[in-house]
Amino acid sequence: MRIGVFVCNCGTNIAGTVDTKKVAAEALGFADVVYATNYMYTCSEPGQQEIQRAIAEQGLQGVVVAACSPRMHEPTFRRAVEKAGLNRYMFEMANIREHVSWIGNDREANTSKAIDLVRMAVAKLRFNAPLFSSKMPVNKRLLVIGGGVAGIQAALDCADGGMDVVMVERQQYIGGKMAKLDKTFPTIDCSSCILGPKMVDVAQKENITLYAASEIESISGYIGNFTVEIRKKTTFVNWEACTGCGACMEKCPSKKAADYFNEGLGAARAINIPFPQAIPKKAMIDAAYCRQLNGKKCGVCAKICPVKAIDFEMKDEIVTEKVGAIIVATGYDLFDHAVYGEYGGGRYPDVISGLQYERILSASGPFGGHIRRPSDGKEPKEIVFISCVGSRDASVGRPYCSGICCMYIAKQAILTRDHLPESNSYVFYMDIRSPGKNYDEFVRRAQEEYGVQYIRGRVGKIYRRGERMVVQGADTLLGVQVEVEADLVVLATGVESSLGAGELAEKLRISYDQYGFYMESHPKLRPVETNTAGVYLAGACQGPKDIPSSVAQGSAAASKVQSLFAHDTIETNPQVALVNERNCIACGKCIQVCPFGAIQWKELRGGIKKAEVLASVCQGCGVCNATCPPKAIQLQHATDNQILAEVNELCA
Amino acid sequence: MAVKIFIAADRLDSVLEKLSTKIDLWIPALLKDDKSGPTGFVQYTPGITPAFDRQTTMPLKKLLLPQEETLLRFKYQKDPEGSLKTTIALDDPKEARPTLVFGARSCDVRALVTLDRVFANGPYVDPYYVQRRKNTLFATLVCGQTDSKCFCSSVGGGPADMEGSHLRIVRLEDGYLVEALSKDAQPLLADLAEAPDKSRDQLAAKLVKEASKRQVGDLDTKDCAPAFRNRFQQNDYWASMVSQCLSCGVCTYVCPTCYCFSITDETRNLEGERLRSWDSCMFYHYTLEASGHNPRPTKLERYRNRVGHKFSYIPERYEGLLGCCGCGRCIRSCPVNIDIRQVVGNLKENSNEQ
Amino acid sequence: MNNNPYLPELATVQEVITETGNIRTLRLTLDNKESMEKFTFRPGQVGQLSVFGTGESTFVINSPPTRRDYLQFSVMKAGEVTSRIHQLNAGDQVGLRAPLGNGFGFEEMKGHDILFVGGGIGMAPLRTLLLYMIDNRADYGDITVIYGARSPKDMCYTYEFEEWRAGGVNLVLTVDAEFPGWKERVGFVPTVLNEEAPSPNNRIAVVCGPPIMIKFVLFNLKELGYEDPQIITTLEKRMKCGIGICGRCNAGSKYVCLDGPVFSYDQIRAMGGEL
Amino acid sequence: MTDSNPRSSAPAEDTAANRQGIKIVGFLCNWCSYGGADTAGVCRFKQPTDLRVVRIPCTGRMDPLFIAKSLIYGVDGVLVSGCHPRDCHYAVGNFYARRRMEAFKAFLPFMGIDTRRFKYTWVSASEGQQWQKVVTEFSEQIHMLGPNPGVELRSGEILKVSSGLK
Amino acid sequence: MLETDRNQLHKCVEEALPELDMMIGWTRCDPLQTTPVFIRDAKSISSLTLGPFCSQNLAGYLVKPPALDAPPKPDAKPIGICVKGCDSRSLVALIQEKFITRQRVRIFGIPCGGTVDWRKVARHVELGSVKSADVQDRVLVIEDSTTTHRIALEEVLSRKCLGCRHPNPVISDVLIGAEVSPRSTGMETSYRDVDELDAKPLEERLAFWQSELDRCIRCYACRNACPLCVCQDRCIVETREPRWLTQHVGVPEKFLFHFIHAMHLAGRCTGCGECERVCPMDIPVTLIKEKLNKIMEEMLGYSAGLDPEAVPPLLTFNPGETEI
């Protein structure tokens with residue numbers, strides 16, 4: 001092989017502390033190196049031309065550039081050598097700037113290190129081989145997991161763009177947490193009034209297929225070609241037939257079913273449509289409360305149903321959908337305040353969560369929009385809000401800020417005053433976080449116009465005194481202990497990752513942080529991509545978010561999908577694992593460890609099995625390569641021989 | 001000049017030490033601090049434990065055919081034009097140092113007949129081997145410790161066979177009687193020890209006579225070659241003989257006559273060497289071709305080839321010479337106790353059965 | 001040749017010809033002028049080509065002894081050594097131990113008609129004998145060459161076909177399947193052989209190609225009436241020493257490196273051993 | 001397990017020659033630690049120059065045998081660094097690596113190789129300062145241990161160590 | 001007692017043989033040794049033996065080439081196999097790694113009181129002269145041409161047997177003979193040799209392995225005998241693609257070879273001791289793996305070859321194990 005080495009001065013960035021001339025001179029002595037020079041700015045246009053000229057004149061078959069980090073300019077140089085007719089993978093970089101010249105001033109030591117790095121790069125290059133990407137067709141259908149506001153936004157954006165969308169929602173209805181809200185900050189507009197039309201849109205768009213009461217069973221495939229199995233959970237109601245008339249609900253004798261939609265504040269019927277505007281507006285039986293399903297004689301709903309939609313024999317059903325991209329918008333769950341023993345550990349009916357209060361405020365809620373306390377239905381007079389319950393508290397494993405509580409407390413306090421002008425509201429807070437457009441003004445209005453009393457300090461204890469709750473805390477601004485006797489305490493429970501986020505991540509093969517929030521590709525520059533190609537994030541599944549941010553992310557993810565779907569094919573990355581079938585012993589360990597399900601069995605004649613890499617699924621991590629005992633599976637461009645070649649240069 | 005000496009047992013060490021000043025001396029010795037542990041030939045240094053009382057685990061072939069040796073060295077040199085010029089320096093057979101192997105057995109030395117035929121007698125001559133062979137003398141023990149695995153008499157040798165030996169060692173109760181059999185060996189014995197007294201001399205002669213009459217092994221190797229050819233295609237026969245074989249290289253590495261080798265280049269940057277190293281016909285890679293084709297893909301073909309090589313191919317090629325010295329090492333060291341005598345012996349039994 | 005049979009002579013690559021996607025032809029001269037001038041060999045003899053640092057591999061010298069400007073080797077990329085050989089350029093140095101092996105019995109073939117049947121890289125060993133015969137055309141009768149490859153892109157020596165034909169060779173070219181612009185025969189070599197059906201009378205068939213082709217060609221030749229001694233081929237085995245010592249290239253008691261690579265079919269049958 | 005090795009615990013003399021001779025190989029994952037090392041460079045955080053970096057896609061690519069190879073053949077130190085657990089670009093590569101390297105680390109001293117010559121750690125792309133600390137500390141440790149004698153027998157040395165095995 | 005067990009084995013195999021593809025067992029080939037035997041017809045059943053001389057682990061024969069290259073037909077009959085306690089764990093490991101299915105094997109389990117190491121016998125008697133050998137009441141009785149030697153079995157047991165925790169097969173279809181009680185029940189006694197070496201200073205450990213491994217001739221018997229070294233012909237110690245080892249015979253090559261062998265068995269080795277038994281140079285090869293087994297047990301609470309459902313620990317992970 002004829003190798004050329006180009007040592008970059010990078011002005012004085014490198015040449016200042018590395019003798020680049022000497023590095024080039026030494027490089028000329030390495031095996032297969034036929035040309036070596038140093039250059040002022042190798043990445044510049046003339047610098048690249050110099051490489052291309054040398055490739056042509058010297059008949060180079062491989063190029064090493066010793067310069068900055070490959071994370072910086074590897075793509076630049078790969079393009080340059082490609083233009084000169086070399087395969088882009090017949091190129092290696094030695095990082096002698098970030099790893100050498102910038103971290104030490106000892107010219108001699110730096111130069112010797114730079115020489116070593118070039119030697120290693122040359123040694124590796126001698127084992128490089130041209131790699132070629134292939135093209136895979138893109139299935140232009142989108143899967144949206146989660147039908148909250150972020151998912152709805154993403155689905156509608158793509159559907160508007162003419163793409164087929166499949167939406168999967170775990171609950172019986174779409175709308176997510178936003179559907180439960182009364183009003184939204186800072187505009188105090190009605191949540192269901194702004195969300196409702198979008199939900200209807202989802203139902204009406206012909207190119208959106210909605211699976212409510214469904215969950216993701218499994219995902220296989222890769223960008224452009226995912227196969228998704230969806231588990232349609234048993235509803236005991238044939239939704240094709242159900243018209244959502246609600247007759248069954250009225251007659252259902254099981255009246256004490258859990259009312260999940262109302263956060264447990266009311267009671268629902270065993271057969272239920274959670275709220276009047278629900279999309280899809282279909283009834284579903286809660287098997288835990290249904291008399292018929294619990295061996296008692298009933299079947300009232302079946303008798304009453306005008307379309308005979310009730311089916312007690314119904315079973316879960318698995319449907320398969322094929323899509324080309326996936327947007328994950330699984331949202332969040334609320335922190336369970338029961339872990340705070342000092343706040344009653346969930347035992348006091350009048351110490352409630354923010355979302356429960358939201359249902360109390362809501363006209364469609366359990367009390368029809370009248371503020372009453374759960375214990376005895378009385379109108380409260382003194383109401384205390386406590387912020388940061390399950391947020392910014394390392395002691396309960398939630399050190400992060402949930403971002404929305406300060407704002408929703410302010411909103412709820414304002415609404416409380418609107419509903420009950422005679423009431424007094426107190427807010428115990430740590431800091432007020434209100435960095436959005438019109439947000440801080442909103443909080444100020446609560447304090448100034450609505451007379452909500454903000455007390456800076458942490459509540460130490462809540463206990464019952466007679467019919468009322470005593471809230472004991474410190475006012476850290478005044479430096480005094482404060483005790484408020486309240487009729488109702490609202491805890492601003494924080495945001496945590498959605499239940500089952502981890503399991504879904506494993507199915508999607510995306511990573512998640514220690515709190516269960518999904519990891520984006522890059523926190524600044526790739527905020528809605530994941531490291532699994534073709535899977536995008538929107539909304540609070542990635543981290544706590546308010547509605548505008550969630551919607552923005554929904555649209556952002558949608559635009560990523562649209563730019564993907566603008567192509568009929570995608571180019572695969574050739575730096576993937578490759579099986580040498582001759583050496584494969586079919587032990588299946590690679591299949592077992594692959595984080596992406598990118599390896600599968602392939603059957604040869606005579607029933608002999610071999611592992612096979614799906615090049616378009618493989619992300620190139622190399623776990624399989626490290627695991628494979630006979631090293632039959634080799635990660636291209638980081639093969640054993642390539643790494644060994646580098647190591648060998650350092651061995652005595 | 002003494003042609004016979006007697007070394008008393010308690011003087012063995014000092015005699016060997018003296019001998020080792022005259023010539024590079026190799027003796028069989030323990031390779032591990034365990035009297036039942038593995039043994040092999042090592043260069044004598046004072047203090048090592050000789051192991052004359054049993055056959056060595058490893059044969060002495062490494063003296064003539066080291067497990068690894070450099071055939072040549074090469075170096076690429078750059079010229080100012082940027083192109084590479086090669087210089088190669090032959091690591092030509094270094095002037096081998098005169099060496100004496102003291103305490104080999106007749107089977108060990110007999111094996112050299114096979115090696116000599118292959119390496120030294122054409123059509124091509126291996127200069128590395130020849131150089132060492134010319135400079136090595138053998139003092140051979142008349143063997144009194146044959147066991148149930150030995151079969152030297154079956155392959156043309158015998159416990160007292162001195163073919164290829166330069167000195168004969170007879171082990172007596174109280175020491176060793178060493179006799180020079182060739183002129184070039186005589187000077188070695190000078191000033192080492194006294195000549196033996198008459199009774200010891202007679203006793204030794206008697207022992208040699210007895211030993212040469214002893215028949216070790218009852219394998220009949222006559223007409224092996226045609227029998228082998230007859231059996232060649234009978235896969236069932238070979239399968240039944242070697243289904244327990246592990247395809248390891250023990251039998252070939254402990255075999256004094258197995259000489260097959262590999263040649264590989266080892267290199268570092270611009271310099272490198274071409275190595276010759278022991279290889280084993282029992283290994284899959286031995287015959288694996290770059291195309292992926294392997295003419296001997298399973299242990300069946302490989303073991304068959306090993307047997308064929310020793311008892312059919314070498315005899316056919318080299319005037320009836322056998323490629324086996326009957327030392328029994330392959331039987332003793334085989335992890336699954338395959339007995340080559342059985343495989344060869346059965347060649348002729350009911351060979352037309354199938 | 002040097003008296004140490006393991007020592008290669010240095011040679012320099014004069015020219016590299018890319019024959020197909022995975023076959024290249026190298027033209028070498030020995031660095032020592034005198035050796036080059038004195039170098040003699042029989043068509044069919046082989047050389048051990050070294051890329052120092054990677055190793056040696058065996059190839060037939062496929063230029064004929066009648067043309068002495070260079071020694072030619074055609075190399076198909078398969079393993080480590082051949083991959084390195086494919087990276088060689090004009091001016092690079094290699095090592096060569098040659099000639100080794102027996103070569104074709106071209107003397108006994110004199111006065112006979114000759115049939116060459118080659119497939120893919122199998123044309124390389126045939127080429128040396130073919131050119132030798134063209135250069136001594138009067139000594140031989142009809143020369144028919146049936147040469148097949150998977151596609152026109154996989155055919156070697158295309159640039160020489162005119163010369164062969166001009167040298168009085170009946171050249172039949174075939175590819176496995178139709179290909180745009182291909183004007184010669186289409187079909188597998190054994191089929192084309194049957195179509196051509198060259199008479200076995202006073203003819204010697206020299207066959208070289210992939211095992212599966214050989215198998216069917218052999219069958220068809222027998223059908224056409226060829227006897228085993230009339231059919232000649234070259235064997236390939238993994239080799240190391242090339243001089244009949246290291247032990248691995250045996251088929252029965254014959255060493256391919258020393259007693260071969262050229263054998264007639266009756267010899268092969270007599271040898272026994274694994275192929 | 002603690003290694004009380006009197007010979008190697010004495011700090012080697014910190015001469016220029018000694019410094020020059022020490023070679024540490026670093027296997028850095030492309031996404032986090034290689035970026036972390038870049039960050040340290042961009043921030044001009046001074047570091048010892050003994051480290052030579054091999055870029056690998058993920059610590060999951062790290063076969064412990066690369067470490068074995070390095071230490072057996074005399075590389076003075078081996079540093080493996082990847083993304084923090086749960087931050088792996090490939091989701092779980094470093095989880096596999098952690099187990100493998102932890103087991104390997106415990107195994108090395110049994111074979112007579114000083115386990116202090118091998119370290120694995122997690123450094124993210126933003127942790128330039130942490131990278132500087134890791135490199136500095138590890139380089140110092142290797143300097144203290146001195147050149148790696150490897151496992152080669154010194155020429156002519158014949159070892160006979162009684163196993164004590166029953 | 002041995003006689004009774006042998007008769008039981010013969011009877012059981014006789015009954016089972018018609019349903020079997022073949023039966024893998026041991027047969028006596030020498031007073032002190034056995035060789036594996038592959039039985040297809042009933043005539044040969046009488047050659048089957050069991051007892052303390054049956055040292056080979058037969059599990060490997062189920063997966064070694066050519067078996068590995070030609071997968072069994074779906075309707076293939078099961079293979080009968082004799083296993084001791086330690087051998088049965090290899091079987092479990094192979095089932096675990098899906099090299100064989102449970103249905104593919106008919107397991108004749110043999111409780112084992114330890115196997116005889118002929119090298120240790122050689123310390124007491126000259127092997128070449130042994131005429132017969134038998135074990136009676138944990139005493140090895142050897143007859144040579146002149147004398148009767150009586151050696152306590154304890155003195156000549158294989159090293160691996162001394163810390164054996166699973167003398168009874170952990171998986172079997174038929175159990176031949178009565179179960180025996182384990183010699184060791186905990187880590188303290190099982191890893192005595194490992195602990196002893198670990199107690200030595202680092203330098204001595206290095207010197208120990210240098211001197212032991214220096215003898216290695218790279219015959220690969222240890223690898224080929226290992227029932228879990230399933231790569232066999234594809235093993236990377238012989239390939240140049242990839243190229244981990246050279247043909248040099250230096251100690252570093254030998255170290256790396258044994259590192260490769262050990263690391264490839266980390267979390268998989270069942271401690272059957274075959275690698276050490278077959279070593280012609282008497283290198284304590286199993287000891288290397290014992291250390292890794294101990295690490296796996298201490299660090300991850302895992303012992304290989306006990307649970308057919310378990311995933312070998314290095315093929316999985318636990319995100320939570322921040323401090324392993």
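Chain E splits into domain 1 (2-117 + 157-315) and domain 2 (118-156), with bounds that come from an automatic or database domain assignment. This is a predicted model, where local features need pLDDT of at least 70, side-chain atom pairs count only at pLDDT 80 or more, and totals for chains, interfaces and linings use all residues. Residues are numbered from 1 along each chain as its sequence is written, while chains are lettered from A and ligands numbered from 1 in the order in which they are written.

**The two domains of chain E**
- Their C-alpha centres, domain 1 to domain 2, sit 25 Å apart.
- Contact here takes C-beta atoms, placed from the backbone, that lie within 7 Å; on that basis 10 residues of domain 1 of chain E meet 13 residues of domain 2 of chain E.
- On the domain 1 side there are five nonpolar, three polar and two charged residues. For the classes, Ala, Val, Leu, Ile, Met, Phe, Trp, Tyr, Cys and Pro are nonpolar, Asp, Glu, Lys and Arg are charged, and the others, Gly among them, are polar.

**Who touches whom**
- Nine pairs of chains touch, and chains A and D have the most contacts among them.
- In that pair, 43 residues of chain D are in contact with 42 residues of chain A.
- Helices (H or I, at least four residues) and strands (E, at least two) are DSSP runs, numbered from the N terminus.
- Helix 3 of chain D gives the most to that side, with seven residues.
- By class, the side of chain D that touches chain A has 20 nonpolar, 11 polar and 12 charged residues.
- Chains A and B meet through seven residues of each; chain A's side has five nonpolar, one polar and one charged.
- Chains C and D don't touch, and their nearest C-alpha atoms are 20 Å apart.

**Helix 9 of chain B**
- Helix 9 (residues 299-317) bends by about 55° at H309(B), taken as the angle between axes fitted to the seven residues ending there and the seven starting there.
- Since 17 of its 19 residues are buried, helix 9 of chain B is largely enclosed by the rest of the structure. Buried means 20 or more other C-beta atoms within 10 Å of the residue's own, exposed means 12 or fewer, and partly exposed is in between, with C-beta atoms placed from the backbone.
- Just after helix 9 of chain B, E319(B) has a positive phi of about 50°.

**A56(A)**
- A56(A) belongs to helix 2 (residues 45-58) of chain A.
- With 11 other C-beta atoms within 10 Å, A56(A) is exposed.

Conventions
Two residues are in contact if their C-beta atoms, placed from the backbone, lie within 7 Å.
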